Amino acid sequence: MSKLKTNRLIDSAFKYVGIACTLFGLAMLGIFIGDILIKGLMRIDWDFITSLPSRKASKAGILTAWTGTAWILGLTSIIAIPLGISAGIYLEEYGKKSRLASLIEVNIANLAGIPSIIYGLLGLEIFVRVLNFGGSLIAGALTLSLLILPIIIVGTREAIKAVPTSLREASYGLGATKWQTIWHQVLPAASGGILTGIILALSRAIGETAPLIVIGALAYVPFVAHSPFDEFTVLPMQIFNWVSRPQHEFLVNGAAAIIILLLITFVMNGIALYLRNKWQKKIKW
Amino acid sequence: MKNIIETKDVNVFYDTNHVLKDITMDIKEHSVTAFIGPSGCGKSTFIRCLNRMNDYIESFSMKGQVLIDGKDIYKKKVRVEELRQKVGMVFQKPNPFPKSIFENVAYGLHIQGETDKQLIAERVEKSLHRSALWKEVKDILHKSALSLSGGQQQRLCIARTLAVKPSVILMDEPASALDPISTAKIEELILELKQHYTIVIVTHNMQQASRISDRTAFFYMGDLIEYDKTKDIFTNPKKKETENYISGRFG
Amino acid sequence: MKLKRTAEKVIESGLALSGLITLLTTLGIIWVLVTESIGFFSEVSIVDFLFDTQWTPLFTQKHYGILPLLSGTFLTTSIAILVAVPLGVIIAVYLSEYAPYKFRITVKPLLELLAAVPTVVYGFFALTVVTPFLQSFIPGVSTFNALSAGLVMGIMIIPMISSLSEDALQALPKSLREASFGMGATRFQTAFKVAVPAASSGIIVSVILAIARAIGETMVVAMAAGQQPQLTLDPREGVETITAYIVQVSLGDVPHGSLAYKTIFAAGITLFAFTFLLNNISYWLKKKYQEKYE
């Protein structure tokens, strides 16, 4: 029976290996956040938030960066949310067995795996050159919208899938049309899940850097954008720019900007997580 | 015949939910003992206490003693793996591994570290003979177990259990997912196996209990209401609840 | 009633149109990459592109061999995978097969937070924390190096592997584990002889997707691995990946239509080909495996 002893030893040994690996992952997250807080927290003050960029690190602020991020967030929402939800509804409620729908489905799985920088190349040719938007907010928002569309579509589909058939049948039974059923019954019931997908997608969009570099978003923009056709920068671009400079003071600026960016990202993810938990409880009738 | 399983004042809780109350019973060697009762009466929980299959349920807690061959299996130093090799289990739905038929039966030997191929092959064949499956599968041993029919899969699961040479086999509604013909085969098999093993079976089906078991225990709402020779339970129950259940007045 | 029916038709077409946009996106990507690459290959022979060992489109002495960029991508991706696969799979198995329920549902979202951190932040971490740390005990580590970028990328994709693999393990029927426990197997034996093989296609899918992600990752490598396209497998040295090269060109003032401009599309189509292949393999595997359990 010594074989059993060895097996039991391996069994409990793996338990500790598993805990160690899991804690390693969490520790990295901790070190990460701790390091950035130490480097950047002292730099954050009201001036840092409300100042334009500057060649002097101590005077530079993130005003153009966070307003750019806000613009991008707004424009991307306007473009991507209606498109994503519509496509999700089509695939789940209408196109189930059609050839077009299955083609779109394979295609979405593929799009979700295409590196973001490739979307940048698409945006550069189509939005910047062909449509002649230049490196403007609208070009950036369009590019990011295409990037996050698959996430919204998949989220919408899953949320709709979770709505019980009995709800649909009840509506049809009262003589409602398909669209009436979707609009009055299915979408409200699925809204929590759809919203979760949207928030996660938008949080992805505001963290992206690579596609915006490719479409020519500038790292140094000395004014706040006033229209979608203005040039822009966003927080990740500003961080990238500051971190790329040799002076230590700019690194500190970078860390401070990272704190702001992480705060936004984590808050959005937290909301998404909260909504998901709440919604999952509700759907289990 | 001696008692191979004895339980003393077994109480089981899921969190604060008291699901089994003071269960004390003896089970004799080389016999078939059936547990009957309505859904939720605790019979499945109780059978799973006999080889500690409830260990992985986090809300589970137990008081009392379960003795197998006179030894308390809930003592700290007991190796639960060793216990389960001795007290095997067959489940409600056939649950073959997504491996070949041969590998399914050989699995128990593999995990014990057996490497002798000759011995493994012999044991696999013998187990499949005993579970009356050999004739049907001898030419397709290396096909996936999932390709078998439900009834065959369940007999494969029995063969898999036999291959580790248990002395007790626990069966938790082994025929509930099967058609009548497959059920009949399983019942026949249980009567065969009785010569070599002690069998405890949970069943919903009272005819089944009366056909195959020597003794029957009736559970209701977490209590062991009555436990006696099967013949007596079905012809001359002593408790009102048993009589009501047997005659189909509830459950 | 007729009006209602027309309205329904209009709505359906509108919705289908939104779905078509995703198809147009793919076609657009392929069209853009192909047309610009055709321009590139009309000036540079494909033999040079595939076999020349130098990549110097921005220098006076120009070479257009993709191999240094490929080796840079391969090196950083390999390091990332070496970190992420063992850690990710072990975490998945631990969380699914060992950990108490409460621990699992607390830790999983925390780990997924690792995947939500913007990649520019990982780049910062690699450059300012991991590289100095590596330099403190490994001689010869440059300021920009493949090792640091690869390691950090590995940490970044751990949650992809652990989360998807854990989902695959959790999707297995409970009865499978019970059968194994019921025969006296330990949790370790049950996990690695029954659960992991049964969930293997799901685990493989997660690894393939993670590889695709690492190949396409841009900011970490652009910030921490450097911009020196060289054919080396020494992780202490700086390398340039395909993605980092595209960033490098985008940051400069390369005029539209020039050969240097077209290089980023030739690099892009190479990157696209690899990720497209990996995505399709994983999609196909996933479909096959769904059928098995439904």
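User: Before we start, what does buried area mean for two parts put together?

Analyst: Buried area is the accessible area, taken with a 1.4 Å probe, that two parts lose on being put together, summed over both. Please keep in mind that this is a predicted model.

User: How much area do chain B and chain C bury between them, then?

Analyst: Chain B and chain C bury about 1800 Å² between them, and 63% of that area is on carbon and sulfur atoms. Y56(B), Y107(B) and I111(B) supply 27% of the area that chain B buries against chain C, more than any other three residues.

User: How many residues of each chain are in contact there?

Analyst: In chain B there are 23 residues in contact with 22 residues of chain C.

User: And how many salt bridges are found across the interface of chain B and chain C?

Analyst: The rule finds 1 salt bridge across that interface. E178(C) pairs with R48(B), and their closest N and O atoms are 2.3 Å apart.

User: Moving to chain C itself, what is its secondary structure?

Analyst: Chain C has 12 helices and 0 strands. Its C-alpha trace spans about 75 × 70 × 35 Å along the principal axes. Of its 294 residues, 59% count as buried. Among contacts in chain C with a separation of 6 or more, 70% come from residues 24 or more positions apart.

User: How many positive and negative side chains does chain C have?

Analyst: There are 19 positive and 18 negative side chains in chain C, and the centres of the two sets lie 13 Å apart.

User: Is R104(C) buried or exposed?

Analyst: R104(C) has a relative accessibility of 17%, so this residue counts as buried, the cut-off being under 20%. R104(C) is found in helix α4, residues 101-116 of chain C. Leaving out residues up to four places away in sequence, R104(C) touches L95(C), S96(C), P109(C), E166(C) and Q170(C).

User: What kind of link do the side chains of E166(C) and R104(C) form?

Analyst: The side chains of E166(C) and R104(C) meet in a salt bridge, at 3.7 Å from N to O. E166(C) lies in helix α6 (residues 146-170) and R104(C) in helix α4 of chain C, so the pair ties together parts that are 62 residues apart in sequence. Both E166(C) and R104(C) are buried.

User: Which residue meets E112(C) in a salt bridge?

Analyst: R276(A) does, at 4.0 Å from N to O. Because R276(A) lies in helix α11 (residues 248-283) of chain A and E112(C) in helix α4 of chain C, the pair joins two chains. R276(A) is partly exposed at 31% relative accessible area, and E112(C) is partly exposed at 29%.

User: Which residues are linked with K287(C) in a network of salt bridges?

Analyst: The network links K287(C) with E92(A), E105(A) and R157(A). Over all chains, a search of the whole structure finds 25 salt bridges.

User: Back to chain B: what is the phi of R52(B)?

Analyst: R52(B) has a positive phi of about 60° although this residue is not a glycine. R52(B) sits in the loop between α1 (43-49) and β4 (60-68) of chain B. R52(B) is buried, with a relative accessible area of 14%. R52(B) also forms a salt bridge with D55(B), their closest N and O atoms being 3.0 Å apart. D55(B) counts as partly exposed at 28% relative accessibility.

User: And where does D9(B) lie?

Analyst: D9(B) lies in strand β1, residues 3-14 of chain B. Phi of D9(B) is near 50°, a positive value in a residue other than glycine. D9(B) is partly exposed, with a relative accessible area of 44%.

Terms used: Residues numbered from 1 in each chain as written. Chains lettered and ligands numbered in written order. Predicted model: local features only at pLDDT ≥ 70, side-chain atom pairs only at ≥ 80, totals over all residues. Heavy atoms only, no water. Helix = DSSP H or I, 4+ residues; strand = E, 2+ residues; numbered from the N terminus. Buried < 20%, exposed > 50% of the residue type's maximum accessible area, 1.4 Å probe, protein only. Contact = heavy atoms within 4.5 Å. Lys, Arg positive; Asp, Glu negative; His and termini not counted. Charge placed at Lys NZ, Arg CZ, Asp CG, Glu CD.
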